[in-house]
Amino acid sequence: MGERAGVVLKSNGRLKALMAAYFADLAEAEGRNDRPVAWCTSVGPAELLRAMGFAVFFPENHGAMLGATRMAAQTMPQAHALGYSPDICSYLTSDIGAFASGVTPLTNAFGMAHVPRPSVLVYNTNQCREVKDWFSWYGRTLDVPVLGIQSPGEMDEVLPEMIRDVSMQLQRIARDLAPLAPRSLTTTALEATMALSSDASAGWSRCLKTAARRPTPWTFFDHTIHMAPIVVLRGTQEAVEYYRGLSAELESLSSPGGGAVPRERFRIYWDGMPIWGQLRRMSELFSASRAAVVASTYCNSWVFPALDARDPWESMARAYLSIFICRSEAFKQDYIVRTAREFGARGILFHDAKTCPHNTNSRFGMPRRIREAECLPVLVIEGDLNDPRCFSYEESRVRLEVFLEQMEEGQT
Ligand code: SF4
């Protein structure tokens with residue numbers, strides 16, 4: 001019947017090569033005055049840094065690699081010993097701990113001895129305050145400048161005065177970067193980078209939207225792998241081309257009967273972060289249960305419809321203020337329900353990530369409100385992005401079983 005036992009995309013090979021080239025470029029750039037390395041938060045102003053000629057490294061991507069390779073369990077205690085609580089962001093503690101221990105998953109994956117040393121660190125607090133503390137530790141340890149954008153949070157609406165404020169902060173950062181940058185910022189370069197970023201975002205969105213088909217050609221567990229270029233290569237031609245190829249492949253896969261989950265029966269929306277060290281196991285568990293996770297808050301968070309090369313400063317401000325994580329509870333609830341319906345998901349899973357309150361939306365009554373108002377089955381799984389002590393596979397498996405029974409009742 002043409003069933004596939006899980007998705008095996010041809011694009012996997014291209015992704016590997018693309019990431020290898022990205023890290024090789026960073027390793028080559030390190031220490032070069034004509035192409036210094038800047039570190040940037042995952043929803044920070046990557047476009048600005050690229051337009052000014054920096055090679056850009058993303059510590060959160062490194063944090064996710066530490067989680068996926070399960071090195072985090074060994075590295076976090078080093079950060080705890082430095083006074084960083086086990087209760088705070090396990091990306092931060094995994095990453096600082098790895099640096100303090102002198103290890104990195106980049107060695108095995110890409111042959112790099114260490115993470116590329118930065119000339120400057122740039123953050124945006126749109127996602128959380130933790131990134132400021134995280135980058136400040138490196139700023140003190142490596143004696144490099146730390147520049148930041150302070151963004152408002154909990155917004156119902158993104159108001160014009162907020163956009164103006166962040167736009168002015170972005171322009172201030174550009175001025176502060178000027179003495180460190182290999183080239184002056186020009187409007188032409190910024191517009192070109194913004195156009196590439198916007199195209200890559202549109203391509204990523206097209207790829208995600210293919211999961212609205214029945215059966216879905218891929219699932220959340222694939223999305224978390226293929227999102228890497230939209231995180232680390234925004235503003236490059238490589239990212240645009242990667243998503244062009246991936247969306248073409250996904251379109252070609254969407255034939256009836258040939259979905260990513262054999263005999264797909266349940267369609268689920270995932271809110272919250274991935275559990276990086278359990279991706280394969282969770283993917284297999286869901287697949288064996290005929291459950292497809294078709295959409296997620298997390299992977300959708302790197303779709304930036306507001307980016308517009310014709311209005312670079314204000315549109316960059318609007319795009320990075322409009323992201324889900326800095327919106328109000330009411331906005332988030334509406335977004336989750338709307339997106340779940342758009343993808344044909346009939347149940348919503350909330351991952352309560354113990355060390356990331358910002359990407360956890362199950363703590364202020366939202367699951368119950370959705371269950372009551374929308375008559376949708378809801379499941380809360382306790383876990384974490386990187387800290388294995390917070391997650392029990394067995395407990396999650398049992399909860400998932402009960403959840404699928406509820407969905408079954410709702411479907412029959
Ligand atoms: S959003 Fe959460 S996981 Fe990401 S850096 Fe902030 S605290 Fe860490």
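The shell around the ligand draws at least three residues from each of domain 1 (3–183) and domain 2 (189–411), with domain bounds that come from an automatic or database domain assignment. This is a predicted model, in which local features need pLDDT of at least 70, side-chain atom pairs count only at pLDDT 80 or more, and totals for chains, interfaces and linings use all residues. Residues are numbered from 1 along each chain as its sequence is written.

Surrounding the ligand are Glu60, Cys89, Tyr91, Leu92, Gln127, Cys128, Glu130, Val131, Cys356, His358, Asn359 and Leu385; a residue is near a molecule or strand if its C-beta atom, placed from the backbone, lies within 6 Å of it. Two or more residues of this shell are given by each of α5 (90–101) and α7 (130–142). Helices (H or I, at least four residues) and strands (E, at least two) are DSSP runs, numbered from the N terminus. By class, the shell holds seven nonpolar, three polar and two charged residues. Here Ala, Val, Leu, Ile, Met, Phe, Trp, Tyr, Cys and Pro count as nonpolar, Asp, Glu, Lys and Arg as charged, and the others, Gly among them, as polar.

The protein chain is divided into domain 1 and domain 2, and their C-alpha centres lie 21 Å apart. The contact between them takes 54 residues from domain 1 and 54 residues from domain 2, where two residues are in contact if their C-beta atoms, placed from the backbone, lie within 7 Å. On the side of domain 1 that touches domain 2, at least two residues are supplied by each of α1 (11–29), α2 (46–51), α3 (59–68), α4 (72–81), α5 and α8 (160–177). That side of domain 1 comprises 29 nonpolar, 15 polar and ten charged residues.

Axes are lines fitted to C-alpha atoms, for helices over the stretch in contact, and angles run from 0 to 180 degrees between N-to-C directions.

| Helix pair | Axis separation | Crossing angle |
|---|---|---|
| α3 and α5 | 9 Å | about 90° |
| α4 and α5 | within 6 Å | roughly 85° |
| α16 (329–342) and α17 (366–374) | within 11 Å | roughly 50° |

Angles under 35 degrees count as roughly parallel, over 145 as roughly antiparallel, 65 to 115 as roughly perpendicular and the rest as oblique. Helices α3 and α5 are therefore roughly perpendicular to each other. Their contact is made by Pro59, Glu60, His62, Gly63, Leu66 and Gly67 of α3 with Tyr91, Ser94, Asp95 and Ala98 of α5. These residues divide into four nonpolar, four polar and two charged.

Helices α4 and α5 are likewise roughly perpendicular to each other. On the α4 side the contact uses Ala72, Thr75, Met76, Pro77, Gln78, Ala79 and His80, and on the α5 side Ser90, Thr93, Ser94, Ile96, Gly97, Ala98, Ala100 and Ser101. Seven of the residues in this contact are nonpolar and eight are polar, with no charged residue.

The remaining pair, α16 and α17, is oblique. Its crossing is right-handed; a crossing is left-handed if the near helix is turned anticlockwise from the far one by less than a right angle, and right-handed if clockwise. Glu329, Gln333 and Val337 of α16 meet Met366, Arg369, Ile370 and Glu374 of α17. Three of these contact residues are nonpolar, one is polar and three are charged.

Two backbone features lie in loops. The peptide bond from Arg214 to Pro215 is cis, with omega near -10°, and Pro215 is found in the loop between α9 (187–209) and α10 (220–226). Asp143, a residue other than glycine, has a positive phi near 55° and lies in the loop between α7 and β4 (146–149).
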